[in-house]
Amino acid sequence: MSDSQALRDSFALVGKSGDEVPRYFYSYLFLIAPEVRPMFPVSMGAQRDRLVAALGRIVADADDPDRLVPYLQQLGRDHRRFQVVAQHYEAVGQALLATLAYFLGDAWTPELQRGWTEAYTLVARTMIQAAEADSMTNPSWWNAEVVRHEQRGFDIAVLTVRLDQPMAYAAGQSVMVEAPMLPSTWRAFTPANAPRADGTIEFHVRAVDGGLVSPALVYGLRQGDVLRLGAPVGGRLTLQTSAGRDLVLIAGGTGLAPLRALVEEIARHGRQRRVDLFVGARDTHGLYDLPALRQLAQAHPWLRITPLVGADAGTFDNRSLAGPVLRAADWSGRSFYVCGSPAMVSATVRDLADAGIPHDLLHFEEDR
């Protein structure tokens, strides 16, 4: 991109105005293109944060096309579920330039306007091309009918949905989910199973305090309701990252879902590896899927399940599950997969690294 340092400097200057920047941007956008308002959730707080994060990522990687282009392509594909079309990008571009001009004031020079215009044109073209290419093979979203809703405790539900058409995904990938009672509000969830011939997907959901989508799925969803699912994304928790090694899987709460999917994927392909799955919970209520896990272990001798509850979870109060895992055996050469709350993942990965586990053997989603 032309004069990327100027873009970064000006974006940093605009960023000093904080939350007023995305507020102005969306107010301007909805004023000049009111038809796009229904594409966004009623509550715009999270959306404003995503806008700032995306712009920050774009300007930070402006000189690194190997990182920037795949990110923009994924953004373009993701926006298909909002029914974004090419002409919408024109309105977004106008709103972006107007926002920059407003907050930069006298610093908004013709040269800077030209640089941002060129940069946005490139961004929009990349996203549009990726969306058009994706439309040749994938729908904008998949409809997923709820065929079973199991309450596994006060705040945990296991949902089984059936897709209206096939979805190609790898165990460990996530999909965005929209509940019928919360249109245009999407959250990421990871299937708890490898792809199945009958087109069903299982989700493990804990109602997050103060959340929108997860409580709706746990408490408000009924059999027969239809969710919308976005295209699968992510690769950090897929088996391809493990290079065929034996595995240590460490799950906290509903972070079990992608790790159980990995077990199913290994079983489906018949290539046996040694797999140790540790499931951490504050109490037995948190071991909501233990019967299914024990059935898997009985069917597959290469799989061992170890629940970690209360005191057995070691430093679980501090969110790290590394202690009891490291004490259980010598895991030399194994690949580690860690999934759970952001605090649990961060603390567990830190402690594993401090214990000498090589970074390239630690697999986790940093932004989960």
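A: Let us start with strand pairing: S7 and strand S8 (residues 275-281) run parallel and are joined by 6 bridges. Strands (E, at least two residues) and helices (H or I, at least four) are DSSP runs numbered from the N terminus, and two strands pair if DSSP finds at least two bridges between them. The model is predicted, so local features need pLDDT of at least 70 and side-chain atom pairs count only at pLDDT 80 or more, while totals for chains, interfaces and linings use all residues. Residues are numbered from 1 along each chain as its sequence is written, and side-chain values use heavy atoms, with hydrogens and water left out.

Q: Which residue of S8 is the bridge partner of leucine 247?

A: The partner is valine 275. S7 (residues 247-252) is also joined to S10 by 5 bridges, again in parallel. In that pairing, valine 248 stands opposite phenylalanine 336, and isoleucine 250 stands opposite valine 338.

Q: Where do the side chains of S7 point, and are they buried or exposed?

A: In a regular strand the side chains alternate between the two faces of the sheet. Here Leu247, Leu249 and Ala251 point one way from S7, and Val248, Ile250 and Gly252 the other way. Buried means under 20% relative accessible area, exposed over 50%, and partly exposed in between (1.4 Å probe, protein chains only). Because 6 of the 6 residues of S7 are buried, the strand is largely enclosed by the rest of the structure.

Q: What does S10 form with helix H11 and S11?

A: S10, helix H11 (residues 342-354) and S11 make a right-handed β-α-β unit; right-handed means that, with the strands pointing away from the viewer, the path from the first strand over the helix to the second runs clockwise. S10 and S11 (residues 362-363) pair in the parallel sense over 2 bridges.

Q: Which residues of helix H9 are buried?

A: In H9 (residues 290-299) they are Leu290, Leu293 and Leu296. Seen down the axis of H9, these fall within an arc of 115° (taken from the directions from the helix axis to the C-beta atoms), so they line one face of the helix. The face turned away carries the exposed Pro291, Gln295, Gln298 and Ala299.
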